[in-house]
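Reader: I would like to go through a model step by step, taking one feature at a time. Where do we start?

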Amino acid sequence: MATLAEPIPASLAAPRPRTKIVPVQGLPVVAAVIIGLTVAIATNSQWALDFFHVVGGGLWTGIDLFLGLVLGPILGTMSIPSRIELSGRLMPKLLLIMPTLVTMTLGSGFQLARKLGNLSASYPQHGWLVASYIVVGVMAVIALGLLEPANIAVLFEMRKPEPNVARIGKLMRVFIYTAGITGLMQIATLVIMTKLASS
Amino acid sequence: MASYEHAHHPPAADERPMPPIQQLGGATLVLVVAGGIYTAAHLPRHVPQGPTIGLLAAACVLLAVNIILLARIENFAWSSFRLVAGWVFAAYIIIAGMLEYVFIYDDTRGSQLVILTAMLAVFAVNIPLLLGFSVARFQDP
């Protein structure tokens, strides 16, 4: 099997800093965002809900597009040790950033739609709103069912004294493809959201 | 060559056949998300409960089967599984708690609230199971 045959590159066999799974210094920022979001929903403040939805959604879409359509293809052409080096620094940060942005965007977006009466079936653009739920639902299944498991498994593999390079390569392919798919789906989100905002 | 090696050494962590935990976890996720989309598409009006209860029941069955299959794996890296699943569960309790708060705050009551809460519970158990398994399957027991 390839997993047994693949030699470990010297750059990986040499002593290297232990890969962090969760960058703990980022946790206070996440806590601040969650508290801010809770306050925005509790006070039903139009500005605060707009802020969390627009900022969260813009960053989520931008990062997904960048990862899927720019960084992903670049990663695919890099040598496996280089990919490991980059992803060892990038993935722990994404582990905090992405769920926070998703919670921020969806929590404030749902509350905003409710406050503005957009959830009602009589809302003229209700079909577009349901389409956005479907797009987000498909992205959630891809991200939680494939992308995130591959991401965490890579991080744990890299913490081993002798990481299995073939396994990391295989898992990273899953990460690159799923990031590409969610990146493309974000284009659909952009179309739907600009359609809703301009109606 | 490979069979010769297997005859003399215990197989590496990811060479052992594993039950379809990841596939069942993915299917559970699809059912819960579909139920969530169906509910959100009807809110704030009354949501027809037949389809949501059907999706929820199917998700519960798949989750239960997955837990049983997982518990029956021999020589599994349970410490790695507990480490990952525990922390992910803590994170998802916060996310599920946020969503529950929004439902209650928006006056969702009665059987609709019970169904949504059950969906969140399935979600909050399924994701840690999925992520814990994804890591532990590649770790040595």
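Author: What follows goes from confidence to fold, then to single helices and the contact between chains. This is a predicted model.

Reader: What does chain A average in pLDDT, and where is confidence lowest and where highest?

Author: The general point is that where pLDDT is low, the predicted coordinates should not be read in detail. Chain A averages a pLDDT of 82, and 90% of its residues score at least 70. The lowest confidence in chain A is in helix α1 (residues 2–5), with a mean of 40, and the highest is in helix α3 (residues 27–43), at 91. Residues 1–8 of chain A have a pLDDT below 50; in the model this stretch has 13 contacts beyond near neighbours in sequence.

Reader: Which elements make up the two chains, and in what pattern?

Author: Chain A has 7 helices and 0 strands, in the order α-α-α-α-α-α-α. Chain B has 5 helices and 0 strands, and from the N terminus on its elements run α-α-α-α-α. Along the principal axes, the C-alpha atoms of chain A fill a box of roughly 60 × 30 × 20 Å.

Reader: How many of the residues count as buried, and how far apart in sequence are the contacts?

Author: In chain A, 37% of the 199 residues are buried; in chain B, 38% of the 141 residues are. For contacts in chain A with a separation of 6 or more, 87% are between residues 24 or more positions apart. In chain B, 87% of the contacts between residues at least 6 apart join residues at least 24 apart.

Reader: How does the span of helix α6 of chain A agree with what its residues should give?

Author: The idea is to compare an expected span with the distance between the end C-alpha atoms. Helix α6 of chain A covers residues 126–158, so at 1.5 Å a residue its 33 residues should span 48 Å; the end C-alpha atoms are 46 Å apart, which agrees. That helix also has a kink of about 40°, centred on Ala143(A).

Reader: What does the check give for α4(B), and which of its residues are buried?

Author: α4(B) has 28 residues and reaches 39 Å from first C-alpha to last, close to the 40 Å expected. Its buried residues include Phe81(B), Val88(B), Tyr92(B), Ile95(B) and Leu99(B). The cover over the buried residues of α4(B) includes α3, α5 (80–116) and α6 of chain A, together with α5 of chain B. After α4(B) comes Asp107(B), with a positive phi near 65°.

Reader: Which residues and elements does the contact between the chains take?

Author: The contact takes 27 residues from chain A and 30 from chain B. On the side of chain B, the elements that give two or more residues are α2 (21–42), α4 (78–105) and α5 (110–136). The largest share of that side, 9 residues, comes from α2(B). By class, the side of chain B that touches chain A has 21 nonpolar, 5 polar and 4 charged residues.

Reader: Why does Leu29(B) count as buried, and what is it in contact with?

Author: Leu29(B) lies in helix α2 of chain B. It counts as buried because 24 C-beta neighbours lie inside 10 Å, where the cut-off is 20 or more. Leaving aside neighbours within four places in sequence, Leu29(B) is in contact with Val141(A), Leu144(A), Gly145(A) and Asn126(B). The C-alpha atoms of Leu29(B) and Phe123(B) are separated by 7.0 Å, though these residues are 94 apart along the chain.

Key: Residues are numbered from 1 along each chain as its sequence is written. Chains are lettered from A and ligands numbered from 1 in the order in which they are written. This is a predicted model: local features need pLDDT of at least 70, side-chain atom pairs count only at pLDDT 80 or more; totals for chains, interfaces and linings use all residues. Helices (H or I, at least four residues) and strands (E, at least two) are DSSP runs, numbered from the N terminus. The expected span of a helix is 1.5 Å times one less than its number of residues. The bend at a residue is the angle between axes fitted to the seven residues ending there and the seven starting there. A residue is buried if 20 or more other C-beta atoms lie within 10 Å of its own, exposed if 12 or fewer, and partly exposed in between; C-beta atoms are placed from the backbone. Two residues are in contact if their C-beta atoms, placed from the backbone, lie within 7 Å. Ala, Val, Leu, Ile, Met, Phe, Trp, Tyr, Cys and Pro count as nonpolar, Asp, Glu, Lys and Arg as charged, and the others, Gly among them, as polar. pLDDT is the predictor's confidence in each residue, from 0 to 100.
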